[in-house]
Each structure stands twice: as C-alpha cells, then as structure tokens.
Amino acid sequence: HAAWGYVFGMCCFGSMAHLLLNYAGRITQAGLTSLMKSSEMMWSYLLQVLVFGEAPRPMTLLGAGLIFISLVSIGAQKILDEKSAKESGETEKDGLLVAVESDMKIELNVDYGSAQGTPR
C-alpha cells in the first residue's frame, strides 16, 4: 500500500509542475520557457541517477551532455540576438522581434499570434 503514496506524490508533483509551467508562460518570454521545458529530460535523468542510484551509462551521459550543450548554445544565441537587437533599435515583445520606427507605432496582438503595424 506504500506504492499508492508514491503514485499520489507523483500526481501532486506533476500537477504542480504543469501549473507552474503555465504560470511561467504568462509572466516570461516563450523562448525562456521552452528552454526550461527542453531541459526536462536532462534533469529527470540526473534525478534518476541521484535518487535511485542507477549507474550512468556512457551513451546516456553522451546524450545528456549533448542536450546540455544545445541548451547552452541556444541560450547564448538568444542573449546575443537580444544584445544586437538593442543596439540596432529593435525591441522584442512577447517573443516577436519588432523594428521601431520613429513615425510608426507598432501594435502587437498576441492573442492569436498576429502582428499589426498601424501608421500614425
């Protein structure tokens, strides 16, 4: 009957993770949230090794390393893109890169993922 406690714990933690991921999607950029979601497999393997004491296999370590390297490179590229966008006068709002012109106001309607530019 102790197994039901583990099942209940998994349900609680899984539900909490889902709710927190949805909340993070509301308050942060989609790119950052997707990076964190992509790292899920690496973190679950690390917990599997630490909690359950499973001996890491070389191919699994290679896969986890590749995931880590790809996440770091994507994050670094995103930082460089934001830095160059700031220098060139572009702004990013809700994951959409928008060039800001002095004679045009750009409005973003992200409810359905569309962008509209209206001259002023």
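This is a predicted model: local features need pLDDT of at least 70, side-chain atom pairs count only at pLDDT 80 or more; totals for chains, interfaces and linings use all residues.

Author: Residues are numbered from 1 along each chain as its sequence is written, and side-chain values use heavy atoms, with hydrogens and water left out.

The chain contains 4 helices and 4 strands; these are DSSP runs numbered from the N terminus, a helix being H or I over at least four residues and a strand being E over at least two. Along the sequence, their order is α-α-α-α-β-β-β-β.

Helix H4 covers residues 58–88. From its first C-alpha to its last, H4 reaches 45 Å with its 31 residues, close to the expected 45 Å; the expected span is 1.5 Å times one less than the number of residues.

The residues of H4 that are buried (under 20% relative accessible area, with a 1.4 Å probe and protein chains only) are Ala64, Leu71, Gly75 and Ala85. In the whole chain of 120 residues, buried residues make up 10%. Gly65, also in H4, counts as partly exposed because its relative accessibility is 28%, and the partly exposed class lies between buried and exposed, the latter being over 50%.

One partner of H4 is helix H2, residues 30–38. The two axes, which are lines fitted to C-alpha atoms over the stretch in contact, come within 10 Å and cross at roughly 170°; angles run from 0 to 180 degrees between N-to-C directions. H2 is therefore roughly antiparallel to H4, a label for angles over 145 degrees. Contact, meaning heavy atoms within 4.5 Å, is made by Gly31, Leu35 and Ser38 of H2 with Ile67, Leu71, Ile74, Gly75 and Lys78 of H4. By class, this contact has 4 nonpolar, 3 polar and 1 charged residues. Here Ala, Val, Leu, Ile, Met, Phe, Trp, Tyr, Cys and Pro count as nonpolar, Asp, Glu, Lys and Arg as charged, and the others, Gly among them, as polar.

Met41 of H3 is exposed, with a relative accessible area of 57%. Its C-alpha lies 8.4 Å from that of Ile67, although Met41 and Ile67 are 26 residues apart in sequence. The C-alpha atoms of Met42 and Gly65, 23 residues apart along the chain, are likewise separated by 8.4 Å.

Technical notes: Angles under 35 degrees count as roughly parallel, over 145 as roughly antiparallel, 65 to 115 as roughly perpendicular and the rest as oblique.
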